[in-house]
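I opened the model to look up two things.

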Amino acid sequence: MKPHFIEIGSYQLPKAGQNAAGDVFMSRKIQETDRIISVLSDGLGSGIKAGVLATLTGTLATGCIAANMSINKTAKLIMRSLPVCSERKISYATFTIVDVDKGQDVRIIEYDNPPYLLIRQGCEVEPVKTEIQVAKGKKIGSHPKPAILRGSSFKPQLGDRILFFSDGVSQAGMGTKVLPIGWGYNGVKDYALNLVRQNPDISARELAHAVVIRAAYHDLGIPKDDITCGVVYFREARRLLIVSGPPIHPEDDQELASKFKSFPGKKIICGGTTANIIARELKKTIRVSLKVRDLTIPPPAFMESADLITEGIVTLGKVVEYLEQDAKIEQLPENSATMILKHLLDSDIIEFLVGTKINEAHQDPTMPVELEIRRNVIKRLKVLLEENLLKQVSVQFI
Amino acid sequence: MNQVKVTICVGTACYVLGGAELLGMVDEMTAKFGGKVICEGSPCLGFCKLSRNSKAPFALVNDKLLEAATPESLLKAVEEALSEVQNG
Ligand code: FES
């Protein structure tokens, strides 16, 4: 078991009038060496050209570190590789690279982005930063000054958040009456610290989103530059249990119910018969909600000690469909499938407990064989959750 | 107690065989009968597993079982039940 779960979230608004951002935020998880790398890079200027510079930087950084190159070497390589801007004769993309090794060692290297903010227990912590001088690769005209990179490292603690952003955030509002010199690092810091104090469980994505929206607000709703923010959050893993299908042997009903009851995390039952079994064993009452009525999906139900109850196959099939379409949850209709999806998105470790008893009702020749469908739907779900959403998923058949 | 309780099965078998349409009746019945009719949903009522010949979707009007229920048959059963409780 890893000491912490690492959640990464980001949000971005491109400069008004540009449909491509010149800032890039990228993350990569390397299973084999248990590393997570996040890069925020801001290419010179804005638009496509800046975006290419930033993407190149991000890809190089994640690629090199993934190949086990040290973060310092990587930074040097990037400085040497960036192409030169034909207009301004300088090669330039700023970056912040966050490398989390086995969840226990954080190394950060920064080049010309606003400094990152480390939030620990609602306060700012300032790690010691060392300067690294790197000669810039391309020499145009006179010798350029060496670039100064800042490196720092620390051991993350449970609850730590690393917040890093492009200068579109810290310079937001510049030139306005309220913030003539812009929001500033301290402004961003105070805002973020306040948010975390008010909402100690705020997710990485929510925090990044809030910072970016606030910056856009300082820009009077018209971003003057790309506004990008990333957050790396070390927290306890959120677990979700989904039970679907009755056990083969009715003797196992009780075990299923007690497993369900004692599970440390959120709990969903997909399937009426399964729900009835658990309700009977735990002596609880199931209430079907008739308020949520998307007529294509059976309505959800609720019961004490369960976070959600839904019908089985139709609903899970819909969840698979939503995931395959990469649907935005905010734009989906309110129904049981969306409710499951929301739980899936909010969880890190997802466990499926799948009963393999054949449902007599569905053996009607006009109905497809349910057991097979259930297995396939859950297999598909597992793949989608692992590959598209980087969740940790396990499936157990009972 | 002169209320009629309607229980609509929302289990898989019932739902895919037409139960969704029954749920569509909930608002209509509430508008028509007000507090006299109480509608509830239920996970699989178990009838779909009893015999090959019984037909989903199922609904209960008080204790009376409705097989192969349609919006029309449900409405009729509710009206009958209402007149029963009112007259008796
Ligand atoms: S699904 Fe309705 S009785 Fe089983």
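How do the residues lining the largest pocket divide into nonpolar, polar and charged? I get 13 nonpolar, six polar and 15 charged. Ala, Val, Leu, Ile, Met, Phe, Trp, Tyr, Cys and Pro count as nonpolar, Asp, Glu, Lys and Arg as charged, the others, Gly among them, as polar.

Ground rules first. This is a predicted model, with local features needing pLDDT of at least 70, side-chain atom pairs 80 or more, and totals for chains, interfaces and linings using all residues. Residues are numbered from 1 along each chain as written, chains are lettered from A and ligands numbered from 1 in written order, and side-chain values use heavy atoms, without hydrogens and water.

Pocket. I noted 34 lining residues, with A:Ile8, A:Arg205, A:Leu345, A:Leu389 and A:Lys391 nearest the centre. A pocket is an open set of points on a 1 Å grid over the protein atoms alone where a 1.4 Å probe fits, with protein on both sides within 12 Å along at least five of seven lines; lining residues have an atom within 4 Å of a point. S1(A) gives the largest share of the lining, six residues. Strands (E, at least two residues) are DSSP runs, numbered from the N terminus, as are helices (H or I, at least four). Domain 1 (5-235) and domain 2 (239-397) of chain A each supply at least three lining residues; the bounds come from an automatic or database domain assignment.

Sheet. I then followed S1(A) into an open, antiparallel sheet of five strands, ordered S1-S11-S10-S6-S7. S1 (5-13) and S7 (123-125) of chain A are the edge strands. S1(A) pairs with S11 (227-235) over nine bridges; pairing takes at least two DSSP bridges. A:Tyr11 sits opposite A:Cys229.
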